[in-house]
Amino acid sequence: KNVTGELACIGRWNGQILGMDGNLLIEQASLFEQPFKKAHAKFIMRNTSPDVLLVGLKAPIYSGDVVGQVRVDLNSSLRYEMNLTASQINLAEFGRTNLGPKSKISGIASGRLYLHGYGTGMDTMEGNGAVDIPNGHFYNLPVVLDLLKSLGQHGPDRTVFEEFHTAFGIQGAKVNVQKIDLLGSAVSLSGKGEFDLQS
């Protein structure tokens with residue numbers, strides 16, 4: 001929502017598309033409540049495959065970037081495939097936007113997401129992804145955990161976890177979290193599970 005930008009393309013038409021090249025510059029937009037600015041997409045349709053739209057994407061967000069490729073087969077079943085990578089995502093900015101101005105997270109995150117499916121529903125969607133935060137600070141420690149940390153070589157800084165790693169698979173609306181690791185000098189947690197995107 002709240003999309004503003006410019007679209008330009010050149011191509012040929014003779015009852016069907018005989019090739020097209022274009023660019024889309026999004027000055028600003030909101031996708032899943034996340035703010036994007038200066039996002040750029042380069043798209044191509046070739047006369048040898050007029051039903052296939054290929055898109056190269058670069059979208060700056062939270063001082064980092066989301067880049068990747070998207071393929072859409074514009075036939076009767078509307079098949080799609082996307083492979084996206086996020087890098088240098090500033091967690092402090094992400095926290096202020098999603099958790100409020102008093103958010104207590106910081107660090108740099110990276111991630112990847114691969115999805116494919118057909119149609120407009122979620123039931124055919126399949127894919128996988130991962131998120132890694134090798135050096136971050138999450139939430140506040142109670143005093144007891146601060147004391148435990150101070151017994152080691154770390155001074156008390158009220159940080160619960162310093163690392164976060166997760167890998168997940170997607171089958172329709174179900175997300176299967178194959179692993180989730182929250183690592184800290186005093187406490188570490190590991191687990192797995194699943195949740196429903198539609199619940």
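This is a predicted model: local features need pLDDT of at least 70, side-chain atom pairs count only at pLDDT 80 or more; totals for chains, interfaces and linings use all residues.

Strand β1 (residues 4–13) and strand β2 (residues 17–31) run antiparallel, and I found 9 bridges joining them.

Next I followed β2 onward. Its pairing with strand β3 (residues 34–46) is also antiparallel, with 11 bridges. Here I noted that A29 has F36 in β3 as its bridge partner. These two strands form a hairpin as well, with 2 residues between them, and F32 in that turn takes a positive phi of about 55°.

Then I stepped back for the whole chain. I have 2 helices and 13 strands on my list. Of the 199 residues, 33% are buried. I also checked contacts between residues with a separation of 6 or more: 38% of them link residues 24 or more positions apart. The protein exposes about 12400 Å², and 57% of that comes from carbon and sulfur atoms.

**Inside the protein**

Which residues touch the most other members of the largest nonpolar core? I wrote down I61, V66, I89, L91, I133 and F138, out of 17 residues in that core. At least two residues each come from β3, β4 (49–61), β6 (79–90), β7 (105–118) and β10 (159–161). β6 gives the most, with 3 residues. I then found another core lying apart from this one; it has 15 residues, including L53, V72, F168 and V177.

**The aromatic pair**

My search for aromatic pairs returned 1 in the structure. It is formed by Y62 and F94, edge-to-face, with 5.6 Å centre to centre and 85° between the planes.

Why does this pair tie together parts that are 32 residues apart in sequence? Y62 lies in the loop between β4 and β5 (64–73), while F94 belongs to helix α1 (residues 91–98), so the pair links those two parts.

Is Y62 buried or exposed? I put Y62 down as buried, because its relative accessible area is 9% and the cut-off for buried is under 20%.

Notes. Residues are numbered from 1 along each chain as its sequence is written. Side-chain values use heavy atoms; hydrogens and water are left out. Helices (H or I, at least four residues) and strands (E, at least two) are DSSP runs, numbered from the N terminus. Buried means under 20% relative accessible area, exposed over 50%, partly exposed in between (1.4 Å probe, protein chains only). Contact means heavy atoms within 4.5 Å. Accessible areas come from the Shrake-Rupley method with a 1.4 Å probe; for residues, only the protein chains shown count as cover. Two strands pair if DSSP finds at least two bridges between them. A nonpolar core is a set of buried Ala, Val, Leu, Ile, Met, Phe, Trp, Tyr and Cys residues joined through side-chain atoms within 4.5 Å. Rings of Phe, Tyr and Trp (its six-membered ring) pair if their centres lie within 6.5 Å; planes under 30 degrees apart count as stacked, over 60 as edge-to-face and the rest as tilted.
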